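Reader: I would like to learn how features of a protein model are read, one at a time. Could we begin with the general idea and then turn to the case at hand?

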Amino acid sequence: MGQIPANIARTPNALFSQISTRNINATNLSLLRINEQLSTGLRVNRTSDDAVASALITTLDRRLETTERRLGAMNNGRLMLDTVDSALGELSDVVLEARTLALANIGVTSDPDTRAEQALIVQSLIDRAQTTLNGDIGGLHYFAGETVGLDPIETFFGGFRYAGQGDGLRTDLGAGVNFPVTIGAGEALGAVSARVESVVDLNANVTRTTPIDALRGPAVGNLPLGSLDVTVDVGGTPTTFSVDLSQADTVGDAAEILESAIRTNAPGALNGAFPNGIGVAAGGDRLAIDVAAAGPTIITFSDGPTGSTATALGLSDHAYTNGAPADPAASGDLDPRVTDATLFGDMNPTPPLSFADIVFENGGRTGSVTLDATMSLGEFREAVERLDLGVRIDINDAGDGINAVNEVAGLRMSIGDSGGVGAATRLGIKTFAESTLIEDLNDGRGVAIADGAVDPVTGLPDPTRDIDFEITLADGVSTFTVDLRPQDMVDIGTVVARINAEAATAGFGAAFQASVEPSAGGIRLEDLTASPGAVSVSSLNGFAADDLGLLDGVATAGPGSALVGEDRATVRVDNFLTALVELRDALSSNDERGIEFAGQRLEEAVDQVALARARVGGRSQQLDAIEARTEDVRLLDQSIRSQVRDLDFVEASTRFSLLQTQLQAGLTATAQQSQLSLINFLG
């Protein structure tokens, strides 16, 4: 309670009333606040209660809100990872069952009818695997990578195409935590595409539309462009000036800025007139400077005080004079990357491109695209995509060539030329060519030749057992054998050379010729006589004839008879869906060797799925540890907030009782004082 000041000898009633009312109101306000605290259980209900504590509580509330959100994300992530783990277990069962089935159908204990029935079981395993891979939780497909709204595996003309993208969906699990809670199907399947990688450098020309950042020659390590110094010496009188090329986006921009500066600072140094005459032009693989004849005139370029712009544009270290606009001595090969805008007519591979049809085949379906000098690489890519074969064209990482990609598991892609003109060959994407390595045939198995065979009785080397196959010419009588040696197993060209050498040794050098089919197909065996029959091949030892595709070739009879072998360099997607399809087909066709190969691939798939499951399990364990730490942080924050914000009910109740007593005393004193009159103060 407030008191009347001692220095006031006589207290007016009005002053006494004001002081008493103020004190009573203050007590009532304190009672109101503590009543609110007791009602809410909070010591701080608004900023005015405790500004410092209120700021701390706000910070803790935000932290706890973030923590709650992350804990929710962790809970969802654990559910997703647990489901993925279960699905991988299902896929593991499928692969193990298929591998066991493959092993059971190798050998004499299995007959064609049994294998045909087993093929139906494999088809059911394929369906089961696809269903598992397309599984989802609440519409989120956990094998689709980042594109969780789509079925990741779509059926495509008998094969399976992966539609997902990315390595997985990420969510807010806290700072420093960066692993996805879904996976791409490739983690479980293996590869989701396969490619023909061209080794041909397309050697694109520099054009005015070539982007500066596409230059791979001197520009590498010298970008972005800045300023360069130009010295124009006309008749022994040099003029030097600086040119800023930092705003140039394309080679044409740089050429135009450079030409304008030269014509401004040294009129007459360049031929023609700006902008109609091109004094600085893109020519071949470099910039060309068309120097005027008068003077004589010499133009040189050097890097400015900072940067390497002249070096980046291939202009440094060379004196440009009339008659030497693009001297090879210049440092100028800009070696641009090919882009979607690059025209085939602006490519200069060795040998030069030919323009004709390129034939694409995938899973028995074919389509062709006509290559044209005016066609851009982007237009070519779109044309291939419109064939709807599950084939796409990519620019390689080096930026100097292209790759042809098979996107469909279970189908085999081949690329050939139409009419033998060589467009696919010149681009380096023909699947079967002289340069095709033997080790790349038959999905990387190569060719199994008979070599080093011994007589089972004597144990001595038996050269007759090393002979791989026999070729019968079109007359049906003339034959010769082919013994392929290890030194012949380099590429298709060395195999063809060995076959021709064996034919010549047998005396048929003028009647027979082996070559690579110039259009689509494999090795071509041609009878050069007018015999009415057809060329044929029979295997003697080993599997070389089969592995070279000669036993499955297509023969034509009559004069010029030829057997064109099967393309054994076809490109397949190496994953367990492909292995299941190949196992099914091998069982259906009673192909024991095919069953064996499919079983080997399924053996690899077992390890692939197990590795994917281990990675998912590791993420789950990591998530558990993160969640435990996050829960500890939440409890600590809640404890601190409680200490700052929550009310001490014992202390508050005691204070409430004291305030009630204080209020009662104040009211009593005020009532008594208000009853006194002037008589009470007269003595």
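Author: Let us start with burial, where a residue counts as buried when its relative accessible area is under 20%, as exposed when that area is over 50%, and as partly exposed in between. The model shown here is predicted, and in it both Phe-480 and Phe-512 are buried.

Reader: How are the rings of Phe-480 and Phe-512 placed relative to each other, and why does the pair get its name?

Author: Planes over 60 degrees apart count as edge-to-face, provided that the ring centres lie within 6.5 Å. Here the centres of the Phe-480 and Phe-512 rings are 5.1 Å apart and their planes stand at 70°, so the pair is edge-to-face. Phe-480 belongs to strand β19 (residues 479-482) and Phe-512 to strand β20 (residues 512-516), so this pair ties together parts that are 32 residues apart in sequence. The aromatic pairs come to 7 in number, and one aromatic cluster is formed by Phe-344, Phe-360 and Phe-380.

Reader: Over which rings do the charged ends of Arg-445 and Arg-593 sit?

Author: The charged end of Arg-445 sits over the ring of Phe-597, at 3.5 Å from its centre, while that of Arg-593 sits over the ring of Phe-543, at 4.0 Å from its centre.

Reader: Turning to strands, in which sense do β12 and β13 pair, and over how many bridges?

Author: Strand β12 (residues 357-362) and strand β13 (residues 365-370) pair in the antiparallel sense, over 6 bridges.

Reader: Salt bridges come next; how many are found in the whole structure, and how close are the N and O atoms in the one between Asp-394 and Arg-381?

Author: The idea is a side-chain nitrogen of Lys or Arg within 4 Å of a carboxyl oxygen of Asp or Glu, and a search of the whole structure finds 42 salt bridges. In the one between Asp-394 and Arg-381, the closest N and O atoms are 3.9 Å apart. Asp-394 lies in strand β14 (residues 391-395) and Arg-381 in helix α7 (residues 377-386), so the pair ties together parts that are 13 residues apart in sequence. Asp-394 is buried, because its relative accessible area is 15%, whereas Arg-381, at 25% relative accessibility, counts as partly exposed. Both residues also belong to a network of salt bridges that links Glu-154, Arg-161, Asp-340, Arg-381, Arg-392, Asp-394 and Glu-407.

Reader: Which parts of the chain does the salt bridge between Arg-601 and Asp-443 link?

Author: Arg-601 forms this salt bridge with Asp-443 through N and O atoms that are 3.1 Å apart at their closest. The pair links distant parts of the chain, with Arg-601 in helix α13 (residues 592-645) and Asp-443 in helix α9 (residues 441-444), 158 residues apart. At 13% relative accessibility Arg-601 counts as buried, and at 25% Asp-443 counts as partly exposed.

Technical notes
Residues are numbered from 1 along each chain as its sequence is written. This is a predicted model: local features need pLDDT of at least 70, side-chain atom pairs count only at pLDDT 80 or more; totals for chains, interfaces and linings use all residues. Side-chain values use heavy atoms; hydrogens and water are left out. Two strands pair if DSSP finds at least two bridges between them. Helices (H or I, at least four residues) and strands (E, at least two) are DSSP runs, numbered from the N terminus. Buried means under 20% relative accessible area, exposed over 50%, partly exposed in between (1.4 Å probe, protein chains only). Rings of Phe, Tyr and Trp (its six-membered ring) pair if their centres lie within 6.5 Å; planes under 30 degrees apart count as stacked, over 60 as edge-to-face and the rest as tilted. A charge sits over a ring if NZ of Lys or CZ of Arg is within 6 Å of the ring centre and within 35 degrees of the ring normal.
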